[in-house]
Amino acid sequence: MAEEIVFYTNPKSRARTVRWMLEEVGQPYRAEVLDFGPPMKTAQYRAVNPMGKVPAIRHGATVVTEVAAICAYLADAFPEAGLAPTASDPARGLYYRWLFFSAGPVEYALIDKALGVSVPSERRGMVGYGCYEDMVETLDQLLSGTDYVAGNRFTAADLCLGALLNWTMAFGIMDKRPSFERYVSRLTERPAYGRATAIDEALIAEATQPPSVA
């Protein structure tokens, strides 16, 4: 019997990326939806993620937190889904490179921009992403010359990067470069993205419904 996948989530969080990944993997999973605030800070949930944040997954006895780590884990745990190059594939290096670039420099440059944090030019050497403009130019150069970041097929690295670009462009945080918009449009046409989005939007709609009167 296959080990159960339990997915801890909130549809208004980064967990939407993991939902998309789970739909791409195509394995059964059980979702536990947690409200923000006290429900994420209980002792029971902190035993899963001491940070008291979502997403997280439990796969049998294995617990994984952090979006990129979860997606990388699922890609390797279910290789039949074809979401990661094999260890012997030269594209594996590109896969790691851009998966962690999106989880590190891209996300933190965008967070700093959203918070109004500007890195002084003389301090850029201390910061992993250098400056926002360098991060954007690096991505624009990459996505202007390729459909996918790790070879000629979609991988979990595309999913993580595409989800981040999609969300931050929608909220006006990330520049809307033509290469970014083409890339996101290509990825969000995938059936798994549509299924995941429909599930999360239904959860949001359900949560906003007024209580019924008996």
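Modeller: Two residues are in contact when they have heavy atoms within 4.5 Å of each other. By that rule, and not counting residues up to four places away in sequence, T17 touches V67, C71, L159, C160 and A163. The model is predicted, so local features need pLDDT of at least 70 and side-chain atom pairs count only at pLDDT 80 or more, while totals for chains, interfaces and linings use all residues. Residues are numbered from 1 along each chain as its sequence is written, and side-chain values use heavy atoms, with hydrogens and water left out.

Colleague: What makes T17 part of a helix, and which one?

Modeller: T17 is found in helix α1. Helices are DSSP runs of H or I with at least four residues, strands are runs of E with at least two, and both are numbered from the N terminus. α1 covers residues 15-25.

Colleague: Why is T17 called buried?

Modeller: Buried means under 20% relative accessible area, exposed means over 50%, and partly exposed lies in between (1.4 Å probe, protein chains only). T17 has 13%, and therefore falls in the buried class.

Colleague: How do you know that α1 is mostly covered?

Modeller: Ten of the eleven residues of α1 are buried. They are A15, T17, V18, R19, W20, M21, L22, E23, E24 and V25. Just after α1, G26 takes a positive phi of about 80 degrees.

Colleague: Why is α1 called roughly antiparallel to α6?

Modeller: Axes are lines fitted to C-alpha atoms, for helices over the stretch in contact, and angles run from 0 to 180 degrees between N-to-C directions. For α1 and α6 (residues 156-170) the angle is about 150 degrees, with the axes 10 Å apart. Angles under 35 degrees count as roughly parallel, over 145 as roughly antiparallel, 65 to 115 as roughly perpendicular, and the rest as oblique. The angle lies over 145, so α1 is roughly antiparallel to α6. The contact is made by T17, W20, M21 and E24 of α1 and by A156, L159, C160 and A163 of α6.

Colleague: How do the residues of this contact divide into nonpolar, polar and charged?

Modeller: Six are nonpolar, one is polar and one is charged. Ala, Val, Leu, Ile, Met, Phe, Trp, Tyr, Cys and Pro count as nonpolar, Asp, Glu, Lys and Arg as charged, and the others, Gly among them, as polar.

Colleague: Why is α1 called roughly parallel to α3?

Modeller: α1 and α3 pack at about 5 degrees, with their axes 10 Å apart. This angle is under 35 degrees, so the two helices are roughly parallel. T17, V18, M21, L22 and V25 of α1 meet V67, I70, C71, L74 and A75 of α3. The residues of this contact divide into nine nonpolar, one polar and no charged.

Colleague: Which residues of α3 are buried, and what covers them?

Modeller: In α3 (residues 67-77) the buried residues are V67, A68, I70, C71, A72, L74 and A75. Their cover includes β1 (5-9), α1, β3 (56-59), β4 (62-65), α4 (91-115) and α6.

Colleague: What makes a group of residues a nonpolar core?

Modeller: Such a core is a set of buried Ala, Val, Leu, Ile, Met, Phe, Trp, Tyr and Cys residues joined through side-chain atoms within 4.5 Å. The largest has 56 residues, of which M21, L74, Y95, M135, L139, V149 and M174 touch the most other members. The largest share of this core, nine residues, comes from α6. L74 touches I5, M21, L22, V25 and I57, leaving out residues up to four places away in sequence. A second, separate core of eight residues includes L34, V48, V54 and A56.

Colleague: Is T9 buried or exposed?

Modeller: T9, in strand β1, has a relative accessible area of 0% and is therefore buried. Its contacts, apart from neighbours within four places in sequence, are A15, R19, A31, E32, V33, L34 and V54.

Colleague: Why does E66 count as partly exposed, and why is S118 called exposed?

Modeller: E66, in the loop between β4 and α3, has 48% relative accessibility, which lies between 20% and 50%, so it is partly exposed. E66 also has a positive phi of about 80 degrees although it is not a glycine. S118, in the loop between α4 and α5, has 64%, which is over 50%, so it is exposed.

Colleague: Which residues does a cis peptide bond join?

Modeller: The bond joins V54 and P55, with omega about 10 degrees. P55 is found in the loop between α2 (43-46) and β3.
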